[in-house]
Amino acid sequence: MKSWLFWAGVSFIIGGMVSFAINLGVTSHASFSKDLSGYSIGWILAGVVLITIGYIKKKNHTK
């Protein structure tokens, strides 16, 4: 079973993708839309970081 960091990372990536998709589907001011896109991309990047840390910890734990 994968560590909790892996699954937390997956959930951040999925949440960021959903947030980004909702943001693209909503019509609003351009500056507000850019701000929300930045947060969505930030959640996706946080997920990638958590998955990477999870793999590194798993690799170091098995040695």
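The model is predicted: local features need pLDDT of at least 70, side-chain atom pairs count only at pLDDT 80 or more, and totals for chains, interfaces and linings use all residues. Residues are numbered from 1 along each chain as its sequence is written, and side-chain values use heavy atoms, with hydrogens and water left out.

**Overall picture**

- The protein has two helices and zero strands. Helices (H or I, at least four residues) and strands (E, at least two) are DSSP runs, numbered from the N terminus.
- The protein has 63 residues, and 21% of them count as buried. Buried means under 20% relative accessible area, exposed means over 50%, and partly exposed lies in between (1.4 Å probe, protein chains only).
- Take the contacts between residues at least 6 apart in sequence: 83% of them join residues at least 24 apart. A contact means heavy atoms within 4.5 Å.

**Helix H1**

- H1 covers residues 4-25. Its 22 residues reach 32 Å from first C-alpha to last, close to the 32 Å expected at 1.5 Å a residue. The expected span is 1.5 Å times one less than the number of residues.
- The buried residues of H1 are Leu5, Phe6, Ala8, Gly9, Ile13, Gly16 and Asn23. Seen down the axis of H1, they fall within an arc of 165°, so they line one face of the helix. The arc is that of the directions from the helix axis to the C-beta atoms.
- Trp4, Ile22 and Gly25 are exposed on the other side of H1.
- An α-helix has 3.6 residues a turn, so residues three or four places apart point the same way.

**Surface**

- The accessible surface of the protein is about 4800 Å², and 74% of that belongs to carbon and sulfur atoms. Areas come from the Shrake-Rupley method with a 1.4 Å probe; for residues, only the protein chains shown count as cover.
- Ile14, Val18, Ile22 and Val26 make a nonpolar surface patch of about 360 Å².
- Like charges are joined within 9 Å, and nonpolar side chains (Val, Leu, Ile, Met, Phe, Trp, Tyr) within 5 Å.
- Valine 18 sits in H1. Valine 18 is partly exposed, at 44% relative accessible area.

- Alanine 8 lies in H1 and counts as buried, at 17% relative accessibility. Its C-alpha is 6.9 Å from that of glycine 47, 39 residues away along the chain.
- Valine 49 belongs to H2 and is partly exposed, at 45%. Valine 49 and glycine 9 are 40 residues apart in sequence, yet 7.2 Å apart, C-alpha to C-alpha.
- Tyrosine 55 is also in H2, residues 30-62, and is partly exposed, at 42%. Tyrosine 55 and leucine 5 are 50 residues apart in sequence and 8.6 Å apart, C-alpha to C-alpha.

Notes
Patch = residues over 30% accessible without salt bridge, like charges linked within 9 Å, V, L, I, M, F, W, Y side chains within 5 Å. Salt bridge = Lys/Arg side-chain N within 4 Å of Asp/Glu carboxyl O.
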